[in-house]
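Colleague: I'm new to this one and could use a guided tour. Could you show me how to read it, one feature at a time?

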Amino acid sequence: MDYRALITSEDNKTFINSIEKRNITDLPNNDTLIKVKYSSLNYKDALSASGNKGVTRNYPHTPGIDAAGIIEETSGNVFKPGDEVIVTGYDMGMNTFGGFGEYIKVPQEWIVKKPDNLSLSESMAFGTAGLTAGLCLRKLLAHGLKPEDGDVFVSGVTGGVGIIALMLFKKLGFNVTAITGKLDQEEFLKNLGANQVIDRNTLDLDLISPLQKPIYSGGIDAVGGKILANLICSTSQRAAIACCGMVGGLSLDTSIFPFILRGLSLFGIDSAESLIDVKKEIWSNFSSSWKLENIDENIKNISLDELPNEIEKILKGNQIGRVRIVYD
Ligand SMILES: NC(=O)c1ccc[n+]([C@@H]2O[C@H](COP(=O)([O-])OP(=O)(O)OC[C@H]3O[C@@H](n4cnc5c(N)ncnc54)[C@H](OP(=O)(O)O)[C@@H]3O)[C@@H](O)[C@H]2O)c1
C-alpha cells in the first residue's frame with residue numbers, strides 16, 4: 001500500500017524536504033502499524049528536517065516526533081485494530097520514520113491509548129510541546145510549587161512549549177510573567193492568561209548579578225542560555241525552575257548563589273525518553289484536571305504539502321503557537 005510522506009534527503013550536505021510517495025513495506029519492522037490522522041510540528045522536527053545529525057543520523061528520513069491516529073494492524077498483545085492512540089518521542093521521527101507520513105510503524109511500548117474526553121485532534125494540539133510543558137508542570141507541582149508562593153515565568157512563551165506552559169499555569173491559578181522576543185504579541189499573550197509580558201532582550205545579557213531581585217517562585221524555561229542564567233538569579237527562596245529547551249544557547253553560565261543561598265531547584269526535562277506511565281499520566285491530566293478548553297483556538301492547521309514552509313519558520317524562531325498537520 002502506498003502512502004504520502006515528507007522525505008528529507010541529503011544531497012551533497014544540502015538537505016531538501018519534499019512530499020513523496022512511499023510504500024508501507026518501506027516502514028521499519030516494528031509490531032504496530034498506525035494510520036496517522038494528526039501530527040504536529042516541534043522544534044526537534046525542524047532540526048531533523050534540516051540535517052542535524054545529533055537528531056537524525058541517516059537520510060532519507062521522515063521526521064515527526066509525534067502522531068495521533070488509529071491502529072491499522074498489530075502483532076502485539078496490548079492494542080487492537082481501531083484503537084485511537086498517541087505516540088510521542090522515543091526514537092520516532094529521529095531515526096525511526098515519524099509522523100510526517102500517513103503511516104507509522106512503531107513498537108507497542110511507545111504507544112499511549114487516547115484517553116476519553118480528549119480527541120485525537122486535541123492531542124496533537126498539545127503534541128510533544130504540550131507533553132513537555134505538562135512534564136515541567138508535573139515536576140514543579142511535585143516540588144510543592146503553589147500559586148500563593150508568588151509569580152512564575154514562562155520563557156520562549158510564543159513557542160509551542162511556552163504557549164501551553166502559559167495556558168497550563170493559568171488554568172491552575174498561577175500569576176504568570178510571559179518572557180518573549182515578540183512584544184507585538186502582548187495582547188495575544190494577555191488574552192491567554194499572561195499577567196505581565198516582558199522583553200526577553202532585557203534578560204539576554206551576560207549575568208547581570210549573581211543575586212538579583214527575588215521575583216519568581218518558579219518557572220518553565222524553553223530557551224536556556226543567558227536568559228535562563230539570569231532567571232535563575234531572579235528567584236525567591238525555595239523556588240523551582242523546570243528547563244527543557246536550548247533555542248537561546250547551549251551553555252549555562254550562571255551563579256551558584258541562588259542554589260546555596262535561596263535553596264533553588266533546577267529540574268531538567270526530557271520528554272522523549274520519559275517513562276510511558278508518566279506520559280500516560282500527563283495525557284490523562286490533559287483530558288481531565290488540566291483540560292484546556294481553548295486549545296483548538298490557538299492552532300494553525302496545515303496539510304502535509306504546507307509543512308516545508310512551516311519548518312523554515314520555526315527554524316527562524318518566527319512560529320507563534322502550535323502547528324498541527326491534518327491528514328485526510
Ligand atoms: N526537553 C524536551 O523534551 C523538549 C521537548 C520539546 C521541545 N524542547 C525544546 O524546547 C525548545 C522550545 O521548543 P518549541 O517546540 O516550543 O520551539 P518553538 O515553537 O520554536 O519556540 C521557541 C520560542 O523560543 C523563543 N526564541 C526563539 N529564538 C530564540 C533565541 N535566539 N533566544 C531566546 N528565545 C528564542 C521564541 O519565543 P519568543 O519570541 O516568545 O521569545 C520561540 O517562539 C526547543 O529548544 C526544543 O528543542 C525540548
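Colleague: Let's start with strands E8 and E9: in which sense do they pair, and over how many bridges?

Modeller: Two strands pair if DSSP finds at least two bridges between them. Helices (H or I, at least four residues) and strands (E, at least two) are DSSP runs, numbered from the N terminus. In this predicted model, E8 (residues 152–155) and E9 (residues 176–180) pair in the parallel sense over four bridges. For example, Phe153 has Thr177 in E9 as its bridge partner.

Colleague: Before we go on, what should I know about numbering and confidence?

Modeller: Residues are numbered from 1 along each chain as its sequence is written. Because the model is predicted, local features need pLDDT of at least 70 and side-chain atom pairs count only at pLDDT 80 or more, while totals for chains, interfaces and linings use all residues.

Colleague: Got it. What is the strand order in the open sheet of six strands?

Modeller: The order runs E10-E9-E8-E11-E12-E13, with parallel pairing. E10 (196–199) and E13 (265–268) are at the edges with a single partner strand each, so one side of each has no neighbour in the sheet.

Colleague: And which helix packs on the sheet?

Modeller: For that, contact means C-beta atoms, placed from the backbone, within 7 Å. Axes are lines fitted to C-alpha atoms, for helices over the stretch in contact, and angles run from 0 to 180 degrees between N-to-C directions. Here H2 touches E11 (216–221), E12 (235–243) and E13, and its direction makes about 150° with that of E12.

Colleague: Which domains does the assignment give?

Modeller: Domain bounds come from an automatic or database domain assignment. That gives domain 1 (2–114 + 294–326) and domain 2 (129–268). Their C-alpha centres lie 29 Å apart, and the contact takes nine residues from domain 1 and eight residues from domain 2.

Colleague: How many residues surround the ligand?

Modeller: A residue is near a molecule if its C-beta atom, placed from the backbone, lies within 6 Å of it. By that rule 32 residues surround the ligand, and the closest are Gly156, Gly159, Thr180, Gly245 and Gly317. Helices H1 (43–49), H2 (120–143) and H3 (160–171) are the elements that give two or more residues to this shell. Domain 1 and domain 2 each supply at least three of the shell's residues.

Colleague: Last one: how many helices and strands are in the protein chain?

Modeller: Eight helices and 15 strands. The C-alpha atoms fill a box of roughly 60 × 45 × 35 Å, taken along the principal axes.

Terms used. Contact = placed C-beta atoms within 7 Å.
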